[in-house]
Amino acid sequence: MYQWRKFEFFEEKFGGGKCKIPEEISGKIECCSSGRGKLVIGCDDGTVSLLERGLYFNFGFQAHSSSVLFLQQLKQRNFLVSIGEDEQISPQQSGMCLKVFDLDKMQPEGSSTTSPDCIGILRIFTNQFPQAKITSFLVLEEAPPILLIAIGLDTGCIYCIKGDIARERISRFKLQVDSVSDKGNSSVTGLGFRLDGQALLLFAVTPNSVSLFSMQHQPPRQQILDQIGCNVNSVTMSDRLEFIIGRPEAVYFYEVDGRGPCWAFEGEKKFIGWFRGYLLCVIADQRNGKNTLNVYDLKNRLIAHSLVVKEVSHMLCEWGNIILIMTDKSALCIGEKDMESKLDMLFKKNLYTVAINLVQTQQADAAATAEVLRKYGDHLYSKQDYDEAMAQYIHTIGHLEPSYVIQKFLDAQRIYNLTNYLENLHEKGLASKDHTTLLLNCYTKLKDVEKLYVFIKSEDGVGEHKFDVETAIRVCRAANYHEHAMYVAKKAGRHEWYLKILLEDLGRYDEALQYISSLEPSQAGVTVKEYGKILIEHKPAETIDILMRLCTEDVDLAKSGTSNDAYLSMLPSPVDFLNIFIHHSQSLMDFLEKYTDKVKDSPAQVEIHNTLLELYLSIEINFPSISQANNEIDFNIKVRPAAPALSRAVSNGKLIVNGKNSYMEKDTLERREKGLRLLKSAWSSDLEHPLYDVDLAIILCEMNAFKEGLLYLYEKMKLYKEVIACYMQAHDHEGLIACCKRLGDSGKGGDPTLWADLLKYFGELGEDCSKEVKDVLTYIERDDILPPIIVLQTLSRNPCLTLSVIKDYIARKLEQESKLIEEDRRAIEKYQEDTLIMRKEIQDLRTNARIFQLSKCTACTFTLDLPAAHFMCMHSFHQRCLGDNENECPECAPQCRSVMEMKRSLEQNSKDQDRFFQQVKSSKDGFSVIAEYFGKGVISKTSNGSTGTVRSGSTSSTSGF
């Protein structure tokens, strides 16, 4: 037979646990109850006493006149229900009464005794319920103030009383457990209520049977659970509402559907009880006549406490202790030790499995359970039972620091156990990056590829990896498990890692390109920026195709409702990918050319055109890679303007390369043709501003001696002097004159001063250029650009020129000047004659009288009569025809006002200096403008003087000039 281990998990309380019932209780103890922090004791003298913690007497009162047979302290309300004998009212009527006391309401002050208020008295036996011996008693508190009282009799009947006893609103009914044929074995020895949901059930036991009554039915329905029973005091209810009975051979548990488990504890069960999951049994040993109290832990199959006791009369549980009251009025109190004390006791005996079961069954916190498991694991580790120790350590995950376990198993011989622990750590999602690294290193050292594959495929409940992805990729990559690393990277969406492995470790460029093509455009753009250098180096054409799809992806714009410009602004710009073309300028040129052919109005077209211009105009299109530099491969591609390795000359815009590599020369010329086409197409006549940076373009043309480009840019910018400077620098006289013909024609918006610069150039040339000078003089003479004196002074600086070059020019100029002088002389004579006539008329007006002989009015042409008005202009008018204006002639007034207005206008213009200087600057002959201002009298020093003074001053000035 299995022998249960015995432990001392309980200890005696209240001064060693042995104490006595207070002397105030003098009668024989008949019944006891507990609850609400009190012990209630009923005696045969009818008194009820209440004891406090430590079995100290609180108070007592006379509940019944004869004896108290049964007591029950209610839990919900501080009520005490008792059954006892009182005086008989008549011989036919029994004195057995049921009383309910309210312990919160005491008798009024001044009374002789301290007793609670009795709120209800009820006679148990009536004519319908005949008298019998009461063998058991139980009260159930339903919804207050309703009580359900069950009274078991020796006749096999149960009297039930339900209702509010204080208000005498009750109902009675009777339940028959056993037939009355066998009266000696039909006593109801135990009762137990059970609430199963809404159903109320009543267990009843007799020496021969165990029954169950369903109280919700009317009448209650009986069910026989077993054909064996038990004696009095061998009945209790567990905390799971199981009905327990004790028989000499075993202890039986009953559920609503019948007998459940039984425990074979031999011996007569004097008392059965239940305390905090423990089964309490007072067992009588027939061999030595001693009674033993055993406390059974049924879950862990151990005896938590065992103690030999004297004759027990009552067993109670209160204040967290087990209280035994003996027949000699002594008492024994035992209480459970704390968990730490119990575990220390087990640890000293190395009973770790018992300790683990104990903390688990008593629902200790997880930290305490983990501590027990840790100690058990340490014990097994010290015994070199590493597998079992690891099994315990695994249960501590989440509470024990992983490093505590890991450092114990770092030895190579225990790597399997360490792997197991780390796997469980990841399974519970508590692993760090270091744990992931360690686990993967374990797999690689064990060469367990299958487990490694299972691990990297593992996911948690939401589809996420249970480990740090980057760490796993790094470790697998370092151990040359590239396929596993790629799987993790792809699963986790770490595209940069996936491509890094493909390109840097495996060199599978086609697969990398295919993978990039499968990504979303935004993700593909990021990966190309990062790994585009490698791809361009090995797969330039395919990489350019991917870039074209990224930058020019076609969509149905009409369907999406997005304009073309707005859509292009959302796409990646080619400028974003320029850095990947370092050392691969030819590929960059191909990419940008394809892009510009397909996209005509890109938001980044200025930057793109700038880059293309730099590629087209640079002589060094290809930059040598590091490998080429190491292998000392030199194709003479790098050519600087001052580099001696490759000489060049510029003639008529053509680059002449003196070298054997004709392919280089051809390629350079082709690129320059493309550059010139780009300069023209990106700054066409309909564009106000070019689609490239003009300053950068000029710098590039200057640096690379690209004459055609410079000429075009200077001409578009109307920097005509810079254009002819290019020709002058190249000593291209023919081109220089042709350029001036095109750009120096004022009729077509040109700058005629270019001819003056050209003449100055030839005058300072220092060589014979007679033919060119004659051509220049032709245009200078035609447009009258320079005075002859300036022409003579300019050409006199060239010692190689003779007078014959300008002889014809000077002769023509002298002839023209003679004609102009003659015309001016005739004009002067005419103006002088007109002036003399005017002065004579003025003098006549001042000195001689005027005779008015008009006989008709100038206005109405009627005969002139008085009153009349005569004016010095020889016009006469009726006074009535003049109206209000009598001071001026109506006929001559408009002409006079016009002259005066012209004079005021001239005076106002004389103050507008900007206009004067602008006319002087824009005129071919500035002196003539000044002379005109003098002639109009605008420029005068005596503008504020009298009229005579002005005239005399003018005459004086004229004579002086």
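Helix 9, which spans residues 469–478, is largely enclosed by the rest of the structure, because seven of its ten residues are buried. The model is a predicted one, and the burial described here is therefore a computed property, with a residue counted as buried when its relative accessible area is under 20%. The buried residues of helix 9 are V469, T471, A472, I473, V475, C476 and R477, and the elements against which they pack are helix 7 (433–446), helix 8 (449–457), helix 10 and helix 11. After helix 9 comes N480, a residue with a positive phi, near 65°.

Helix 8 and helix 10 have axes 10 Å apart, and the angle between them is about 10°; because angles under 35 degrees count as roughly parallel, helix 8 is described as roughly parallel to helix 10. On the side of helix 8 the contact is formed by V449, L452, Y453, I456 and K457, and on the side of helix 10 by H484, Y487 and V488. Sorted by class, the residues of this contact between helix 8 and helix 10 are six nonpolar, one polar and one charged.

The loop between helix 10 (482–492) and helix 11 (495–506) holds R494, which is partly exposed at a relative accessible area of 28%. Leaving aside residues up to four places away in sequence, R494 touches V469, E470, I473 and A489.

Helix 17 (residues 585–598) and helix 18 have axes that come within 10 Å and cross at roughly 135°, which makes helix 17 oblique to helix 18, and the crossing of the two is left-handed. Helix 17 contributes S585, L588, M589, L592, E593, Y595 and T596 to the contact, while helix 18 contributes I608, H609, T611, L612, L615 and Y616. By class, eight residues of the contact between helix 17 and helix 18 are nonpolar, four are polar and one is charged.

Helix 18 (residues 605–617) also packs with helix 21 (residues 694–703), at an angle of about 5° and with the axes 10 Å apart, and that angle makes helix 18 roughly parallel to helix 21. Here the contributing residues are N610, L613, E614 and L617 from helix 18, and L696, A697, L700 and C701 from helix 21. The contact of helix 18 with helix 21 comprises six nonpolar residues, one polar and one charged.

The peptide bond from Q218 to P219 is cis, with omega near 0°, and P219 is placed in the loop between strand 18 (209–214) and strand 19 (221–226). Another cis peptide bond joins L866 and P867, with omega about -5°, and P867 is placed in the loop between helix 28 (804–847) and strand 33 (868–870). L241, although not a glycine, has a positive phi of about 60°; it lies in the loop between strand 20 (235–237) and strand 21 (243–246) and is partly exposed, with a relative accessible area of 33%. N350 likewise has a positive phi, near 60°, in a residue other than glycine, and it is found in the loop between helix 1 (339–348) and helix 2 (352–361), where its relative accessible area of 42% makes it partly exposed.

Turning to the cysteines, the count of disulfides comes to zero. C32 is in no disulfide, as the nearest cysteine sulfur, that of C31, is 6.6 Å away, and C32 counts as buried at 13% relative accessibility. The sulfur of C726 is too far for a bond, because the closest cysteine sulfur, in C739, is 9.0 Å away; C726 is buried as well, with a relative accessible area of 14%.

For the protein taken as a whole, there are 33 helices and 34 strands, and 44% of the 961 residues count as buried. Among contacts with a separation of 6 or more, 46% are between residues 24 or more positions apart.

Definitions and conventions:
Residues are numbered from 1 along each chain as its sequence is written. This is a predicted model: local features need pLDDT of at least 70, side-chain atom pairs count only at pLDDT 80 or more; totals for chains, interfaces and linings use all residues. Side-chain values use heavy atoms; hydrogens and water are left out. Axes are lines fitted to C-alpha atoms, for helices over the stretch in contact, and angles run from 0 to 180 degrees between N-to-C directions. Helices (H or I, at least four residues) and strands (E, at least two) are DSSP runs, numbered from the N terminus. Angles under 35 degrees count as roughly parallel, over 145 as roughly antiparallel, 65 to 115 as roughly perpendicular and the rest as oblique. Contact means heavy atoms within 4.5 Å. Ala, Val, Leu, Ile, Met, Phe, Trp, Tyr, Cys and Pro count as nonpolar, Asp, Glu, Lys and Arg as charged, and the others, Gly among them, as polar. A crossing is left-handed if the near helix is turned anticlockwise from the far one by less than a right angle, and right-handed if clockwise. A disulfide is a pair of cysteine sulfur atoms within 2.5 Å. Buried means under 20% relative accessible area, exposed over 50%, partly exposed in between (1.4 Å probe, protein chains only).
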